[in-house]
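Here is a walk through one model, from single residues up to sheets and helix pairs. Have the structure open as you read.

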Amino acid sequence: MPNNYSFKIIPDFLNNSVRNFPDKIGLVFEEREYSYKKIKEKANSIASYIVKKTKKGDIVALFLENRPEIIFSYFGILSAGRIVLLIPANISDDNFLFQIKKTNPKLIISQKKFEQKLKRTGILKEYFYTDIDEIPQSSFFAGEDVSGNDVSTIIFTSGTMAEPKGVVLRHCNVISATKNITEFLKWSKYDIDVNILSLSHSFGLGNIHCVLAAGATVILFRDAINIKKIIQTIIEKKATTFAAVPAILRFVVDNYFEEFKKCGEFLRFVQTDTSLMDKELIEKVLSALPNTDFNYYYGLTEASRSTFFSINKHLDKINSIGKALFNVEIKVVDEYGKDLPAGKAGEICIKGGHVIKEYWRCPEASKNIKDGWLKTGDVGFIDKDGYLYFKSRKDDVINVSGEKVSPEEIEEVVRKMPGVKDVAAVGAKDRLLGEAVKLFIVPDASDFDVQSVVQECKKKLESYKVPKLIEVIEKIPRTENGKVRRNILK
Amino acid sequence: MNNMNNQIREDLQKIFLKTFQNLKENDFDFQKPRIDFENWDSLTHMQLVSELESFFKISFEMDEIVDINKPEDLAVLIEKKKNA
């Protein structure tokens, strides 16, 4: 990490490494290698195209799977001073249409395999679309004046409302988060990172920021399906850093424990997020990799990674979710917003340069950010040593392997089905995913076909939102105001 | 190809169309690579495997699961298990 950490805008991460290590391999994907100079050329080609097609400050939607072009496009769009709308490849048609209509991008960059989706949703008719593989190569890009306070990225996330909220990240938020993470993880130019995370999510994208800023090398995977190959790659390429959600770590230690042990010779650290992770999984990872730091963080798209800690160094705090990073303030407040002392549970609030200022055109949700403090909706407490502990979600959001799922969104889809009188969704403990969606249904008639609910959800929702368990009951417990009493259903 | 294998392939295609809601029958091809399917991600992969295991009453080895790259791979695996 540069001593003065002089980055002002996100493209500086790449520009700095191009200056320092132009010929160094920065990115590897399926046996293809890209030097920092090559990554920059590719990003410039896209920036040059973007400048011709859009104006400064316009939104450009990026709808690509994990592949090098998502990195080239991301840096190209940002270098051109445009805003990136990051759309995950596994998005449902309804959610896709919602995000596009809500943000009205001037250009959508996607790829052939998603053209059917663009046609099906009617987006192709109404919006300007470019196939990433048809953008002409161009070496000329004059540059654009971009400031740290400019909006860089919009990523939608589920919350208390049925509709997803657009998290508005500014360049300065990302710079601050990258600095915090890099300081803790000590990422350097000597590191080789294996990235199997989606780059349309904060966790995966955040790692790309850190790796490129440090001048390290990232080996990118399209997905996490071939875990055997991923482990072999860590060993063959002597990778030093690896990140995975708990569900994948569970899969690894349950099925490839001996192979994973061999990774310990090279891995400096493994990092994962705060999706529910049981003690047995933590112990299994620690026993496979006794000399590797097992770093666990707490964060959300709105506030990147806000805590970190190495579980292997603090086994007495195994139930904690870490300590606030340098430059991050965390407090716990009661229902009136009053600070609570150590040990008392309340809503977790976060402040720092990495925290967003607002949601995209959603004043209601933006009320949760006041005087720089973000109310997370998570309930927890801080112990006398400053360690944060997570207790529950205030708003009943379901955490499916790190993906936030709003119960209201699922209920809205099912409620519209004929034969459904009432419905409620809750998070149920799941060994692999941490939590899975459980649905309670009150049907109109006894011959109601429960499987039709699964089919409808598959049509309308992302696959991780489809209920794994469905129970037919006589009545959904509700408060006097009609609110679902989810604690009874859990 | 015997009748049993024909039936396996027919059933396999049906399960694909059920798992991938937006997949049209004429877009399905046993040789189509996994990466060309619109939404064949890690979660869908596991859902597909689980559906197939329960429908065909078989179980896949972990090494078999991670090496599936196209529907044909699944068809061959299922045929092998059912014909054993």
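Asp334(A) sits in the loop between strand E16 (328–333) and strand E17 (346–352) of chain A. Keep in mind that this is a predicted model. Asp334(A) has a relative accessibility of 24%, so it counts as partly exposed. Its C-alpha atom and that of Lys344(A), ten residues apart along the chain, are separated by 9.0 Å.

Move on to strand E17 of chain A and you'll find Cys349(A). Is Cys349(A) buried or exposed? With a relative accessible area of 3%, Cys349(A) is buried. Setting aside neighbours within four places in sequence, Cys349(A) touches Glu329(A), Ile330(A), Lys331(A), Val333(A), Trp373(A), Leu374(A) and Lys375(A).

Which residues does Thr130(A) contact, leaving aside neighbours within four places in sequence? They are Tyr49(A), Leu107(A), Ile108(A), Ile109(A), Ser110(A) and Ile135(A).

## The six-stranded sheet

Strand E6 brings us to a sheet of chain A. Six strands make up this open sheet, in the order E6-E5-E3-E4-E7-E8, with mixed pairing. E6 and E8 of chain A are at the edges with a single partner strand each, so one side of each has no neighbour in the sheet. On average, neighbouring strands here are turned by 25° against each other, direction ignored.

Strand E7 (residues 151–157) of chain A is worth a stop. E7(A) is mostly covered, with seven of its seven residues buried. Strand E4 (residues 83–86) of chain A pairs with E7(A) in the parallel sense, over three bridges. Within that pairing, Val84(A) has Thr153(A) as its bridge partner in E7(A), and Leu86(A) stands opposite Ile155(A). Strand E8 (residues 165–170) of chain A, on the other hand, runs antiparallel to E7(A) and is joined to it by six bridges. Thr153(A) turns up again here, standing opposite Leu169(A) in E8(A).

Helices pack on this sheet as well. H3(A) lies across strand E3 (59–62), E4, strand E5 (107–110) and E7 of chain A, at about 175° to E3(A). Helix H7 (residues 171–185) of chain A packs on the sheet too, touching E7 and E8 of chain A, and its direction makes about 75° with that of E8(A).

## The nine-stranded sheet

Chain A also has an open sheet of nine strands, in the order E2-E1-E10-E9-E11-E12-E13-E14-E15, again with mixed pairing. Strand E2 (32–35) and strand E15 (323–324) of chain A are the edge strands, each with a single partner, so one side of each is left without a neighbour in the sheet. Strand E9 (residues 192–195) of chain A runs parallel to strand E11 (residues 241–243) of chain A, and three bridges join them. Asn195(A) is the residue opposite Ala243(A) in E11(A).

| Helix pair | Axis distance | Angle |
|---|---|---|
| H2(A) (residues 36–53) and H3(A) (residues 68–79) | 7 Å | about 55° |
| H2(B) (residues 42–56) and H4(B) (residues 71–83) | within 12 Å | roughly 25° |

The angle in the chain B pair makes H2(B) roughly parallel to H4(B). H2(B) passes H4(B) in a right-handed crossing. Leu48(B), Leu52(B) and Phe56(B) of H2(B) make the contact with Leu74(B), Ile78(B) and Lys82(B) of H4(B). By class that is five nonpolar, no polar and one charged residues.

In chain A, how does H2(A) pass H3(A)? The crossing is right-handed. On the H2(A) side, the contact uses Ile39(A), Lys42(A), Ala43(A), Ile46(A), Ala47(A) and Ile50(A), and these meet Phe72(A), Ser73(A), Phe75(A), Gly76(A) and Ile77(A) in H3(A). The class count for this contact is eight nonpolar, two polar and one charged residues.

How values were computed
Residues are numbered from 1 along each chain as its sequence is written. Chains are lettered from A and ligands numbered from 1 in the order in which they are written. This is a predicted model: local features need pLDDT of at least 70, side-chain atom pairs count only at pLDDT 80 or more; totals for chains, interfaces and linings use all residues. Side-chain values use heavy atoms; hydrogens and water are left out. Two strands pair if DSSP finds at least two bridges between them. Helices (H or I, at least four residues) and strands (E, at least two) are DSSP runs, numbered from the N terminus. Axes are lines fitted to C-alpha atoms, for helices over the stretch in contact, and angles run from 0 to 180 degrees between N-to-C directions. Angles under 35 degrees count as roughly parallel, over 145 as roughly antiparallel, 65 to 115 as roughly perpendicular and the rest as oblique. A crossing is left-handed if the near helix is turned anticlockwise from the far one by less than a right angle, and right-handed if clockwise. Contact means heavy atoms within 4.5 Å. Ala, Val, Leu, Ile, Met, Phe, Trp, Tyr, Cys and Pro count as nonpolar, Asp, Glu, Lys and Arg as charged, and the others, Gly among them, as polar. Buried means under 20% relative accessible area, exposed over 50%, partly exposed in between (1.4 Å probe, protein chains only).
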